[in-house]
Amino acid sequence: MQIAIYGKGGIGKSTIAANISAALASGGKRVLQVGCDPKHDSTRLLLGGRSPQTVLDYIRVTSPDKYRVSDVIMTGEFGVDCAESGGPEPGIGCAGRGILTTFDMLEKLGIRNHGYDAILYDVLGDVVCGGFAVPIRNEYADRVYIITSGEFMSIYAANNILRGLANYQTNRGRVGGIIFNARGGDYEQQRVQRFADAVQLPILATIPRDDIFAASERAKRCVVAEFPQSDLATMFRTLAQQISSDSELYLAQPLTDEHLEQRILEDSSETHNINNNVDKTSPSAPATATAATTPVTNPAATVTPATASPTSTTNPLLSKAMVYKEPLHGCAFSGALGVAIQLTDCISIAHGPASCAHIAFQAITSISRRMLLERGTVIPIQTAPPIVSTDMNETVMIFGGAEPLLQRIEAAKQKNPRAIFVISTCPSGIIGEDLSSLPELSDGNTQVIPIATDGNLTGDNLQGVLMGYQLIAEQIIDRSLTPESKLINIVAEKPIANATAGNLQFANDIFDRLGLKLNCRFLCESSYDKVRSFKKAGLNVLAYADYMGEALKSYLEQNYDAVFMNKPMPIGFADSSEWVRDLAEYAECPEAADAIIADYQQLYQAEVARLRPILEGKRLMVVTFNHSIDWILSTALDVGMELSFVGILDYSQDHRFNTSHAGSIRELHPSLDYSAVRRSDDVRRVAPDVLLGNYLPREDMGNIVNDTIQLCPDVGFLSGIKMAARWAEMMRADLGEGWRRDAELYSKYRA
Amino acid sequence: MQNFTANTEPEQAVEPEATAPRSVAPGSADTPSALDCAPGAIATATAPAAHAVTPAAHASPVVYTASTEPDSFTGAIFAIEGIADAAVVLNGPTGCKFYHSAISDTQFPRAVDYDPLSFSERCFFGQPRVPATYLDGDDYIFGSAPKLEEVLEVVDSKGYSLIAVINSPGAALIGDDLDRLLGDSVSSTRHLSIESTGFSGDYGSGFQTAINKVIDLLDLPETEVRPKSVNLLGINLDQKYYDNNYYTLRELLALCEIEVITAFGATDTLDKITLARQAALNVVVCPETGLDTARKLYSDWGTPYIVAESGQPIGFEAIVAFVTQITEALGADASGAHETVDKARARAYLQLSRYSSLLGLPKGAFYSIRAAASIAYPLARWLSSYLGMIPAAIEILSGEDGGFSERLRAYMASLQLEDVLSRPVATTPTQVVFADGDTIATCKLMGLQTCGIEIGFPSLNYLDITRKQLYGPEGTLFLLEQVMNGLRYV
């Protein structure tokens, strides 16, 4: 049972919630109370004045793979477990966003599976924005209780809470009733009663003002623990009994502001009569419904099974930045979108402002535009990626974006895509847009799949890529298929790398010669049915063994029994030879490997012999983001070069540098925290003949041969030797770069 | 060169521009027009086959999305980035930063390399422009103040004349007090903040929100007005050849002895902008990005303004109208500019006469346009009334356009071709497409045999070194050159 206790701040909500929790626990229930208020004092009376580390403070300093539920829970009176959301200081940040984050974290930790009989959320009800409304979403609280006093703002807040509930309401009620916390004002009981009658809810209990509360506060305990024999304690136990006994639930029927103000709060029939005040000495027993007329069925009998979650149902893969709490490069929204659009017969809806879709769209199309310019070719998926934006505007930011989103989904369905992915942005996440029910919009033609990246709230670009892969696998791959040995999948290509098309051609050529056939590119220029058929492949080939590739490989092995080749697609002669041999062995034609390798070996050895006289003894310095560079180091050694300096720069996408040539490298810096000045110093000190990097220094390096290395190099036997050949050509020709002497002219005329 | 990810540590395996294989030759096209005009398209002869083509909706493949437009968030950033010595500090995640830095650096290059090690402070993330607070989930909850203070300290030491903190759409929702943080962190540098640029507003509204903020910040005192002087309003970083367009108008007006004081957000320094109140007239070149500012300056300073009545000065007729309108307003002599236009027309005549005698073109050839209304209108008039070409499809981008959408509609109605305004450019058969690079590429994808002429962004990333422009007589000749080279075999 999950219970949300809502009420305006400062009316004793947390005191009442703590007493209900204590009463439930004293009756033998296992209870968790979660405080959902930035001032994080909901559980103070259950913990003798102590405070658990708030969830939000905890996740600021802890990487996601280290999260432990025990770190944020303390056990208090009667064994009640206590957690506090926490939140920002008043006036800064977004407390509502904090509630969203807390619930997300507790959900990921599987809090619902910890055997609690009751989880009680104590929620600030002054502002029912998307964040503070999380507990009343359908997947959380199955019964909601509203605490109010007779004061105007308190009843106003109570009505607002009902409005929030109504927005999430289906055909079943979830409101348990009103708990009236008397403050002693004139006519407050009548006012609350009028409100309860108007919204057709029972007043379950009337809690009087009583000095016992103050005495308990001083003892830092709740009434149920400090004064267990008191009438108040008895009342709380009775109320707890009622809550836990599956009492009737009601639909939320909020009033209009006009009705609330004119008929409830400013009723002319109010007259000054002290007898109308609540008698503090005789707390009323929890009431039965007096005015409620719309009891509904037990939620346990009507609850619908959970539909596909917008987050993964298995343990989520985590990017390097998330694990190591690094600054985020890019956003998860963009990463997931880049993956989702690879399904050519599906549409991706960017749920956010126009700028989010625009930025992602332009990043995706940038390489295809350049391809058209340079080579006259059109890459379909990256020329017109199937992206639709919901164009969230100011109104949506305030009132929510369900309507335009549903319109976009319906419009997209008219195009008959196999699937519609709905991918959320930061603003969508911050205002608490709920995508969890979208799968219910699926029909026979189109599957609707939400990917709740929430911009970068869930992480960086790589995190989004991993989320995209994981959710698409979970939602689309047909687990019933049987592998066929001749079919191969290629996994984790880089759709926006220059080398991708050529690398695919290389792989297909080898597959052809070995009698194998490509089944699915997971995920690059693929389709719904191709992904669905993923398990038909008997073997999988990883495109890159970087952080992302290895994470995905591990995931697919564990969850889809995918069998992978030991090595990724090969770069350079040595790896290519080994890769082809392994593949040929799998294809049961090892002799074919010899023929393929022989073709290239002759070429390679001839080039080595030709280049060696030029490059032998020459010093190579490498400064790069690439973490897999043995292919070029091997070639350099083959042509007799000296590996003078290898520096690997910190890279947001990878940290798996490894080399089998460490013994041959004079200076090896596997994790280089670098600057342009330090590089220049090192270049002068090392005095390389060849300087290899992803970007090159601007200053004139004299006779040093500068060359760039691609982040995603061309695969195949000859990748390294082609590069070495270029160095040799540049050395032999004694070329000049006269333009470098014009820096002064630039300063004179343009600076 | 336009490569959003070329000059930063890539987000996901994006190839740096510098790492493109050297065996690949640079763009083989002689001009941007030629790149997209492969021989073997619609056969051309003295009686072009195109004359018989009736544009109609194309069927396949399915394209779900047209090229997207930048919104008010981008407009605000580019307004500040268009000021030579100003800097935007983006209070937002890096996902919003990389793109804007790359485009700003491409359009208005101020760094001499792409090397991330040259921009190694964390807030720059290896790029030269748009330092950012790299917000993450925690910052949306607890506020951005610590990171913003850290970034402002770095940026304040760089010697900019103006620092503008602009909230990303997400940051705009959490309501941090940017002005207080700026006041506490930035000492003597002029500064301003934009807490919300609007969500999904049009580009021009964001651009003008930022420009108007700069003007308010400068709080320029009343000053002596220089006769025969103007400010040019609306030219901005999101326009093709915006910088040369600006220089072209300066030169053209100089022929009329009219001085251009400044153009807000179009490469001038803050010092030049502080002279803006000296202008006798504000000229709204592009109403989508300038009309609101003109109204503001009229209200604040009393400076009169005119909106270029024939649209942006593209095509001989619109150029002459542009010059005439300004010279009449200021009592200046337009003859010098008119003579320059006449000489350009003479050059055009020679080539058009020869071309027409051989091919019968360009008359009767189809064209499509996807552009702002203030470009589409003069361009369509020039194409249809000067070159005799037939509109196939025209799409207008969003924004307050000073009535040019309606004027374009009226012009199309006068040609009895109003329905072209409802046809999609990407799927309507045509011979020449004037549009952004995405739209041109999509036309190719859809199998249209067209010549693509870039007049907007995003670009196909052709690296322009020699001077090119759309405005003025040279701009019109440049367009003519592309049409004639592109149409010959289409």
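The model is predicted, with local features requiring pLDDT of at least 70 and side-chain atom pairs counted only at pLDDT 80 or more, while totals for chains, interfaces and linings use all residues. Residues are numbered from 1 along each chain as its sequence is written, chains are lettered from A and ligands numbered from 1 in the order in which they are written, and side-chain values rest on heavy atoms, with hydrogens and water left out.

**Chain A**

Chain A contains 27 helices and 22 strands, where helices (H or I, at least four residues) and strands (E, at least two) are DSSP runs numbered from the N terminus. Taken along the principal axes, its C-alpha atoms fill a box of roughly 110 × 55 × 55 Å. Of the 751 residues in chain A, 59% are buried; buried means under 20% relative accessible area, exposed over 50%, and partly exposed in between, with a 1.4 Å probe and protein chains only. Among contacts (heavy atoms within 4.5 Å) in chain A between residues at least 6 apart in sequence, 78% join residues at least 24 apart.

| Residue | Relative accessible area | Class |
|---|---|---|
| K535(A) | 14% | buried |
| E578(A) | 37% | partly exposed |
| R218(A) | 66% | exposed |
| F78(B) | 0% | buried |
| Y203(B) | 8% | buried |

K535(A) sits in the loop between helix 20 (528-532) and strand 17 (537-542) of chain A. Leaving aside residues up to four places away in sequence, K535(A) touches I477(A), D478(A), R479(A), L481(A), T482(A), P483(A), Y560(A) and D561(A).

E578(A) belongs to helix 22 (residues 573-586) of chain A, and its C-alpha atom lies 56 Å from that of P135(A), a residue 443 positions apart from it in sequence. R218(A), for its part, is in helix 6 (residues 211-218) of chain A; its C-alpha atom and that of A501(A), 283 residues apart along the chain, are separated by 72 Å.

**Aromatic rings**

A pair of aromatic rings is described by the distance of the centres and the angle of the planes. Rings of Phe, Tyr and Trp (its six-membered ring) pair if their centres lie within 6.5 Å, and planes under 30 degrees apart count as stacked, over 60 as edge-to-face and the rest as tilted. By this rule the count comes to 23 aromatic pairs over all chains. F78(B) and Y203(B) form an edge-to-face pair, at 6.4 Å centre to centre and 65° between the planes. This pair links distant parts of the chain, since F78(B) is in helix 1 (residues 72-81) of chain B and Y203(B) in helix 7 (residues 203-218) of chain B, 125 residues apart. In chain A, one aromatic cluster is formed by F506(A), F573(A), W579(A), Y600(A), Y604(A) and F717(A).

**A helix pair in chain B**

The axes of helix 13 (residues 373-385) and helix 14 (residues 404-414) of chain B come within 8 Å and cross at roughly 20°; axes are lines fitted to C-alpha atoms, for helices over the stretch in contact, and angles run from 0 to 180 degrees between N-to-C directions. Helix 13 of chain B is therefore roughly parallel to helix 14 of chain B, given that angles under 35 degrees count as roughly parallel, over 145 as roughly antiparallel, 65 to 115 as roughly perpendicular and the rest as oblique.
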